[in-house]
Amino acid sequence: MQKIYAILVDGTVYFSWLFIVSMGLTLTYGVMKILNIAHGSFYALGAYAAASAVGAWFAGNLPAAGSFVLLVLAGIVVGGGAGLIVERGLLRPMYGRDEIVLVLVTYAAFLVIEDLIKLVWGVDPYFAYQPYNLLGRTSIGGIDFAVYDLGLFALAVVIGVATWWALERTRSGKMLRAVIHDREIATAMGIDVARVFTATFVIGATLGALGGAITAPAISVVPGIGVDVIVLAFAVSVIGGLGSVAGAAVGALVVGLARACAVHFLPEVELFVIYGVMAVVLAVRPQGLFGRLAARKI
Amino acid sequence: MTSIVRNVGFGIAFACAASAALPAGAQQPGSVKLGIVTFLSGAAAGPFGVPARNAAELTIEALNAGKLPAPYDKKGINGLPIEMAIVDEAGGTTKQVTEYRNLVERQKVDAVIGYISSGDCLAIAPLADELKALTIFFDCGTPRIFEERSHKYLFRTGAHATMDNVAAARYLVARNKDIKSIAGINQNYAWGQDSWGDFKASMLALKPDAKVLTEQFPKLGAGQYGAEVSALLVEKPDVVHSSFWGGDLEAFVLQGKARGLFEGRTVVLTAGETAMFRLATQVPAGTVIGARGPHGVFAPDNALNKWFRAAYAERYGAPPVYPSYKMVQALFGLKLAMEKAAGGKPDKPATDAVITAFEGLSYETPSGRVDMALGKGHQAIQDMAYGTFKFDAAKGGAQLVDVVRYPAACVNPPEGVKSEAWIKSGFAGAKC
């Protein structure tokens, strides 16, 4: 029974993290049809910015509770700024080109940002563990969990609900959905698609950086942390259906629970299980769980 | 169209020919050129690669200036200045194979010293013999290198991982006779698999009734260990073994500590020394820490270590960790072997003569004595040590107490015996 509790909580915590880091990727793809490889770099930038900010915060003996706000702010500021620079500086001149070209452009951005990170922060690890320890731990089914990790679930719910509300209940969201459904018609209806693109990319980058920022307290922030994230976020997005926010949520939940089950019952397949799930989903529904089949335009 | 294709083809051919004709890294006449391969980027750079690179730079400078204590006081190697070509180990085995070929075939280095990753070592080992290039592995730990086959052109001047895990088991059993269960969390590649295999077998040899409760193998660089920590907490083992290193190690300590994994049981971190200073306030008291040999905090107080520790700390502002010590061992071994092979003549000795001189060599280093005793004289053994972590602000922070040292012959298999078979035999022939 203890194992069942552990699987449910572990799966939920992993789901929360995956959902936050993969939603930005799937949103960017949904609107812009760009598979943004630089998403992993935004995650890393967020983690580094948060670690530096939290380090300075505690070095200045400022109130500990403020460090949580700082984490979120660091992610938003660095993600928004970097997203804007990449969209305006690199992607905008490339719009209209083949999707593969745009993927290569984001890959180039990924490499550049990785080197910039090394230039700014060096190769030594950064830590921001204070917020992780501040909240202590709580017991669920006789197993201790870090309250900080459980808090990720609340953050994922807030982000998920906010995104749903923004897409479904606001004028900007409706314009964005119009662009997702048909870019040409949206343009013909007077929607400024270039502006929608900029806003979407900045939001996607911010979500990626936010994912890094909130993860920083639990890890050692080192060069290369964004590499695995892009692969995982891609797997989750593909399972859910590239471009679908609901799909990102379900994909993250499926992966989170499958991985937790593997770790507890069959650790040998833990590495394989995420991609196993992806392979099964793609075999049954090539467009992903929530993806829509679209007729090819000739 | 045809002319465009022809012109492009000519251009490519010309560019290839020109680049092949240009010397990639011209070697000064009368110098010894070394290829140094270590992580300069990626997660392993901070804790391992850069400290090793720093040690290489520092030691080569000191050797070239002839400023080291005897027997390393002769300038450079056999009086010839040492040149260094540094290569980043990051990027995977395919890239490393290409980089290695480049060092040997284009840059014409006299020897390659390198490789932290066991995966890279396994990929490079057969290539060293194929290219007949003198190669020294300074850090990677998998015992398979010389246990699966012999290598003429390859040496490893650091001990393999078997002694880390045999000594860890001996340390734990000596300190707690009531160990009834063990569990492991190790990275899912050669290093993690081999380390756990040796530790599990050693514990079962010393405590045959101990139960293995769970064996976790997360991906290298995973960073998130929530489910693995839960699995360990659910199973409640007396001992948790981990050969994690770098960012993985540090993340595991942070996440495990926050959830009480280190309480009520003993956690042994065989490569923990690289993190114990950086995470001094976060490593729980009672954690058993190793340094992959008698390096760093375990190093003896000999003249070489006095020089190395002081010079490194002065230049880089931090004490050297074990990869730094292991880099020095490799450089010192090569220097002695080349000078022995030269036999007093001023020239650079032939590679075959260096190999003969290197085989079975015993020499002093900042970490104490290194004996090239295994793998037909190509694989080093050393003493091993473990200690228990304690944070004492009054004594400068991170401390290791209850340090126990194990002679090399106590924790390494005899020549010609595979580690796995030796452990299963109950450590036959061990001299403790």
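**Confidence of the prediction**

Chain B has an average pLDDT of 91, and 93% of its residues score at least 70; pLDDT is the predictor's confidence in each residue, on a scale from 0 to 100. This is a predicted model, in which local features need pLDDT of at least 70 and side-chain atom pairs count only at pLDDT 80 or more, while totals for chains, interfaces and linings use all residues. Residues are numbered from 1 along each chain as its sequence is written, and chains are lettered from A in the order in which they are written. For the complex, the predictor gives an ipTM of 0.90 and a pTM of 0.87.

Helices (H or I, at least four residues) and strands (E, at least two) are DSSP runs, numbered from the N terminus. Two residues are in contact if their C-beta atoms, placed from the backbone, lie within 7 Å. Where pLDDT is low, the predicted coordinates should not be read in detail.

**Domains of chain B**

An automatic or database domain assignment divides chain B into domain 1 (17-160 + 299-381) and domain 2 (162-291 + 383-424). Their C-alpha centres lie 28 Å apart. In chain B, 21 residues of domain 1 are in contact with 20 residues of domain 2. On the domain 1 side, α2 (45-65), α4 (118-131), α5 (144-147) and β12 (368-374) of chain B each supply at least two residues, and the largest share, four residues, comes from β12(B).

**Fold of chain A**

Chain A contains 12 helices and two strands. A compact globule of 298 residues would have a radius of gyration near 19 Å, and chain A agrees with this at 19 Å; the radius is taken over C-alpha atoms, and the globule rule is 2.2 Å times the number of residues to the power 0.38.

**Interface between chains A and B**

Between the chains, 36 residues of chain A are in contact with 34 residues of chain B. Elements of chain A that each supply at least two residues of its side include α1 (2-32), α10 (225-240) and α11 (245-265). The largest share of this side, seven residues, comes from α1(A).
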